[in-house]
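Thanks for asking me to look this one over. My comments follow as numbered points.

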Amino acid sequence: MQITTRFARICLSFCRHFHQSRRLLCLTLAAAIGCPWLGLAQETIALVGSGSSVPAPLYTKWAEEYNKRSPKIQMRYLPFGTSEGIKQISHGNGDFAAGEMPLTAQERSEGSLIELPSVLIAIVPIYNLPGTQRELRLSGAVLADIFLGRVKNWNSPAIARLNPNLSLGELPIKVIYRPAGKGSNYVFSDFLSKISAHFREEIGTTASPKWPVGLPAERSADMVEKVRSEPGSIGYVEVQYAIQMNLPYASVPNAAGHFVKASESTLAAACQAVEAPRWNRFSASLTNAPGAESFPITSFSWLYLRTASTDSRRQSALADLLNWMFTSGQQIADQVGYSELPPPLLAKVRAKVDSVK
């Protein structure tokens, strides 16, 4: 039985980009998800994607359900970070990538790439504050000062003013952040840059912030584990990670001044505020969207795709996957804890998929 040499090249290409410790992890992961040395038949097309860990649980579930449909087309996903996913798809490695950072004009042009919204996500501030029974409120300005190292203790007046009914001890704040190249960094820093002039000047909107304080957490799951294990800690993660691990997360005031929590309805409100009535701004920022119900740290998670292909079989297989993602896959996204695209936007995305087949 022949093996899929294309998939082998993709797996090895991913692995070459990492230092020895992460290279071993990559090779182990590649073998576990079905790299060709495990005997994948040549007639099977394995569609390979890479990118952000923010939607990794969704892509794991998508792969599980999509791969039941036919042994002829299988999907794999490698969660190495948004920037790495864009890099790989730009270099022709893999069939798609995923992340929370809009493409630059240069990336679109040089890589012949487009981005399509796949689901709505929310980045929420998670915290470990022993003895606190009620929900914490944190403004964008206070979050900016915490992550800039300006607010150092939980009983800071800036936090106390937002939470007059909470007893906040003298516990030092331990900042946990994501390292360079992460989509959650981009979304979080985009929001904070819109709220805080200090943050905008010192750090700005970027997937690779130069955080002045704190300790790194490589993946979204690592972020959750570190915050859970460190009293006094604060971090930021996609909301479904917080819900699944039963971690408290703060409500944040939106552009209308209302404190709101991330939910399917508040994410949809943010999307509608930016996208309606045309519903075609596929690369738009949804952070700090107007409207009384909008959750302010909302974003798309995007699919990054090449617009040109010389392999008609792979292109046909990818079209099948995309059609499934934007039909049955949307319902699965909702079940896993992500927010599906609003129907008017979903219709526009499907039309775009049809145009690039």
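Where is Pro-277 found? Point 1 takes this up after a word on conventions. This is a predicted model, in which local features need pLDDT of at least 70 and side-chain atom pairs count only at pLDDT 80 or more, while totals for chains, interfaces and linings use all residues. Residues are numbered from 1 along each chain as its sequence is written, and side-chain values use heavy atoms, with hydrogens and water left out.

1. Pro-277 lies in the loop between α12 (264–275) and β10 (298–306); helices (H or I, at least four residues) and strands (E, at least two) are DSSP runs, numbered from the N terminus. The peptide bond that joins Ala-276 and Pro-277 is cis, with omega about 5°. Trp-279, in the loop between α12 and β10, has a positive phi of about 55° although it is not a glycine. As background, most residues other than glycine have a negative phi, and most peptide bonds are trans. Trp-279 counts as buried because its relative accessibility is 11% (buried means under 20% relative accessible area, exposed over 50%, partly exposed in between; 1.4 Å probe, protein chains only).

2. Asn-246 is another one to check: phi is near 55°, a positive value in a residue other than glycine. Asn-246 sits in the loop between α11 (239–244) and β8 (252–253), and counts as exposed because its relative accessibility is 71%.

3. Next, a lysine. Lys-226 belongs to helix α10 (residues 220–229) and, at 32% relative accessibility, counts as partly exposed. Not counting residues up to four places away in sequence, Lys-226 touches Ile-176, Pro-216, Ala-217 and Ser-233 (contact means heavy atoms within 4.5 Å). The side chain of Lys-226 reaches the backbone oxygen of Pro-216 at 2.5 Å, while the C-alpha atoms of these two residues, ten residues apart along the chain, are separated by 9.2 Å.

4. Now the sheet. Eight strands form an open sheet with mixed pairing, in the order β2-β1-β3-β10-β4-β7-β5-β6; two strands pair if DSSP finds at least two bridges between them. At the edges are β2 (73–78) and β6 (215–216), each pairing on one side only. Strands β4 (residues 113–127) and β7 (residues 233–238) run antiparallel and are joined by five bridges. Val-124 has Val-237 in β7 as its bridge partner.

5. Finally, helix α4 (residues 82–90): its buried residues are Thr-82, Glu-84, Gly-85, Ile-86, Gln-88 and Ile-89. Just after α4, Gly-92 takes a positive phi of about 85°.

Definitions and conventions: Polar contact = N/O pair within 3.5 Å; in protein donor to acceptor, adjacent residues only side chain to side chain.
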